[in-house]
Amino acid sequence: MELFSTNRVAMFAKVREEEVRLLIKQIFEGCKGEIMSKVDLKTKTLELSFNIMLRVISGKRYYGEGDGVALGGKEFQILLNEYIELLGSGNLNDYFSLLKWIDFQGNKKKMVKLMKKMDTFLQKLVDEKRRDWSNEERNMTLIDVMLDLQQKEPEFYTEEIVKGVILVMLVAGSETSARTMEWAFSLLLNHPEKMNKVRAEINTVIHEDHLMNESDASKLKYLQNVIMETLRLYPVTPMLIPHESSNDCNVCGFDIPKGTILLVNLWTLHRDPNLWVDPIRFVPERFEERELDSDIYYNMIPFGVGRRACPGSALAKRFMGNAIASLIQCFEWERIGNEEIDMTEGISITMPKVKPLIALCRPRQTMVKVLSNI
């Protein structure tokens with residue numbers, strides 16, 4: 001309620017837009033006039049997503065280079081990469097209970113060591129905010145909100161709860177958006193006619209004398225369809241986050257006892273030929289045709305459904321829409337060579353591309369003047 005309410009999402013719109021503009025500026029400065037320049041879109045989208053969430057959480061940037069990056073940025077990046085890698089790795093102890101007595105693969109030891117370092121970093125963020133508590137002009141970041149709640153309900157908002165919420169928001173709200181943007185751009189590069197359709201919509205809705213913002217991006221209906229089709233084909237969590245049955249129930253003729261861990265296979269659901277026409281084809285237009293079809297609500301659930309659905313889905317769509325639209329508005333994009341982008345999926349808790357996306361770009365002539373003044 002504190003982070004994803006309508007007012008809170010609107011409050012941090014400026015932060016999100018600033019970070020998108022910084023990304024646009026970095027890419028523009030790296031371009032060499034009319035020559036197509038290589039851009040590592042995997043790295044750029046990850047830096048963008050993490051910096052937005054870190055600024056919402058703590059008011060600081062920890063990714064990239066320059067004066068705006070907080071001290072300890074590199075150390076934090078290494079720490080978070082280790083965390084995400086361990087989070088997505090398999091653990092045989094989960095399947096063979098006898099192995100837990102010997103810590104087969106050494107995962108428990110790795111987890112304990114890593115979480116000590118992560119706890120130290122998160123405690124540092126909280127302590128810094130607590131020291132600034134007397135500053136009347138402080139920004140109301142997530143940590144500020146949590147510390148305020150801690151004063152009102154100290155028995156519930158313990159240090160562990162505060163740090164736990166910060167970590168969940170950071171991991172769940174950053175890498176997922178970056179992965180989706182990388183998949184979306186890969187699909188658009190492999191389907192240039194769809195990319196042109198998005199650009200034509202942008203040209204129709206937005207004047208060339210100003211940069212895109214979130215309000216503008218919300219008017220781009222076809223782009224929203226592109227994002228939905230990306231989430232259908234490449235759901236960022238192909239096996240939905242595990243749930244637990246609260247009561248005995250029956251699903252499709254199967255008796256499910258109370259306390260059973262339930263996993264929903266989104267990959268299969270979103271590509272089921274009984275539910276989708278040409279299920280493996282990239283067709284954003286399908287969401288225009290099925291706009292009034294109520295069945296799509298349960299056929300397409302990349303953020304889950306019901307009370308346990310992802311609370312940040314609306315925020316993610318707004319942010320991703322603005323970021324993707326801004327990149328297409330400002331630059332011309334092409335693949336490296338004639339071969340299509342490799343769409344092979346990797347293995348992790350959030351589905352990565354095996355080959356990171358690197359593309360060619362150059363500033364659009366109509367946007368050079370605007371880009372020069374960022």
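## Note on burial, salt bridges and cysteines

1. Lys197 is partly exposed, at 36% relative accessible area. Here buried means under 20%, exposed over 50%, and partly exposed in between, using a 1.4 Å probe and protein chains only. This is a predicted model, so local features need pLDDT of at least 70 and side-chain atom pairs pLDDT 80 or more, while totals for chains, interfaces and linings use all residues. Numbering starts from 1 along each chain as its sequence is written, and side-chain values use heavy atoms, without hydrogens or water.

2. Lys197 has a salt-bridge partner in Glu285, with the closest N and O atoms 3.1 Å apart. The criterion is a Lys or Arg side-chain nitrogen within 4 Å of an Asp or Glu carboxyl oxygen. Glu285 sits in the loop between α11 and α12 and Lys197 in helix α8 (residues 192-205), so the pair ties together parts 88 residues apart in sequence. Helices (H or I, at least four residues) and strands (E, at least two) are DSSP runs numbered from the N terminus. Glu285 is buried, at 14% relative accessible area.

3. The whole structure holds 20 salt bridges. One of them pairs Glu159 with Arg130, at 2.7 Å between the closest N and O atoms. Glu159 belongs to helix α7 (residues 159-190) and Arg130 to helix α5, so the bridge ties together parts 29 residues apart in sequence. Both ends are partly exposed: Glu159 at 22%, Arg130 at 33%.

4. Lys355 and Asp342 also meet in a salt bridge, 3.8 Å from N to O. Each lies in the loop between β6 (331-334) and β7 (358-363), so the pair ties together parts 13 residues apart in sequence. Asp342 is partly exposed, at 29%. Elsewhere, shared partners join Glu18, Glu19, Arg55 and Arg61 into one network.

5. The largest nonpolar core has 57 residues, and Ile27, Phe185, Phe331 and Trp333 have the most contacts inside it. A core is a set of buried Ala, Val, Leu, Ile, Met, Phe, Trp, Tyr and Cys residues joined through side-chain atoms within 4.5 Å. Helix α14 (residues 313-330) supplies the largest share of this core, nine residues. Phe185 touches Leu41, Met195, Ile324, Leu327, Ile328, Trp333 and Leu357, leaving out residues up to four places away in sequence. Contact means heavy atoms within 4.5 Å. A separate core has 38 residues, among them Val15, Leu86, Leu149 and Leu170.

6. Leu223 is in helix α10 (residues 221-233). Its relative accessibility is 0%, so Leu223 counts as buried. Beyond four places in sequence, Leu223 touches Val198, Glu201, Gly321, Ile324 and Ala325.

7. There are zero disulfides, a disulfide being two cysteine sulfur atoms within 2.5 Å. For Cys249, the nearest cysteine sulfur is that of Cys252, 11 Å away. Cys249 is partly exposed, at 32%. Cys330 is buried, at 1%. Its sulfur is 10 Å from the closest cysteine sulfur, in Cys361, too far for a bond.

8. Two non-glycine residues deserve a backbone check. Cys252 has a positive phi of about 50 degrees. Cys252 lies in the loop between β3 (249-251) and β4 (254-256) and is exposed, at 73%. Asp278 has a positive phi of about 45 degrees. Asp278 lies in the loop between α11 (266-270) and α12 (286-289) and is partly exposed, at 39%.
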